[in-house]
Amino acid sequence: MEFKKQEKIEIRFSGTGGQGLVLASIILAEALMRDGFNIITGESHGIEARGGASSAEIIASKKEIFDLSVILPDILVAISQQAYDKYGKKIKKNSLVILDSSLIRSESIPDSENVYAFPFTRLIREELSTTLPTNICFLGTLVGINKIVSMDSIRKAILNRVPKKSGNINLKAFELGFSLIK
């Protein structure tokens with residue numbers, strides 16, 4: 001599913017507070033705007049800031065957008081079991097689903113050509129000795145799968161939105177996620 005062939009796309013990132021979902025959605029939204037798309041974003045947090053349920057949503061279109069929230073996303077990224085349990089069934093039939101298999105039970109992951117499960121959290125910890133840029137890693141995989149934005153736009157958006165001192169590690173995380181698709 002390549003985005004450029006669609007008129008409008010709805011995206012939901014879901015996980016728990018503290019996993020960087022909102023930042024990832026802001027970065028992707030900025031990259032989409034750089035590539036000429038209109039954007040609507042939203043976010044939802046559980047009653048706890050860290051550790052509670054969290055989601056971030058993007059609606060992107062070259063035309064005017066009249067919807068205010070995502071109902072059935074074209075793309076779902078779930079990086080916790082709780083998030084996948086909550087949102088995994090609330091998708092379109094052919095939605096692209098990206099899961100963190102480090103944090104989601106293997107028996108929960110369906111065998112489907114539209115489902116990509118990678119151990120993002122484990123890979124980032126092993127490769128970069130931190131889990132902070134896991135959110136940027138799954139962005140790399142998302143861009144690698146469906147070319148939703150140009151590489152130039154996403155790299156600029158990452159560097160514009162993360163702290164200057166962590167720019168390089170975030171770009172490495174993005175490249176790691178992107179390389180998982182090759």
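**Exercise 1.** In this predicted model, find which residue Glu-126 forms a salt bridge with, and work out where the two sit.

*Solution.* Start with the partner: Glu-126 pairs with Arg-122, and their closest N and O atoms are 3.1 Å apart. That falls inside the cut-off of within 4 Å. Last, check the surface: Arg-122 has a relative accessible area of 37%, so call Arg-122 partly exposed.

**Exercise 2.** Take the salt bridge between Glu-57 and Arg-12. Are Glu-57 and Arg-12 buried or exposed?

*Solution.* First, the contact: the closest N and O atoms of Glu-57 and Arg-12 lie 2.9 Å apart. This pair ties together distant parts of the chain, as Glu-57 is in strand 3 (residues 53-61) and Arg-12 in strand 1 (residues 8-16), 45 residues apart. Now the accessibility. Buried means under 20%. Glu-57 comes in at 15%, so Glu-57 is buried. Arg-12 is at 5%, so Arg-12 is buried too.

**Exercise 3.** Sort Glu-107 and Arg-105 by how exposed they are.

*Solution.* Begin with what links them: the two side chains meet in a salt bridge, 3.3 Å from N to O. Exposed means over 50%. Glu-107 has 62%, so put Glu-107 down as exposed. Arg-105 sits at 44%, which means partly exposed.

**Exercise 4.** How many salt bridges are there by this rule?

*Solution.* Apply the distance cut-off, within 4 Å, and the count comes to eleven.

Key: Residues numbered from 1 in each chain as written. Predicted model: local features only at pLDDT ≥ 70, side-chain atom pairs only at ≥ 80, totals over all residues. Heavy atoms only, no water. Helix = DSSP H or I, 4+ residues; strand = E, 2+ residues; numbered from the N terminus. Buried < 20%, exposed > 50% of the residue type's maximum accessible area, 1.4 Å probe, protein only.
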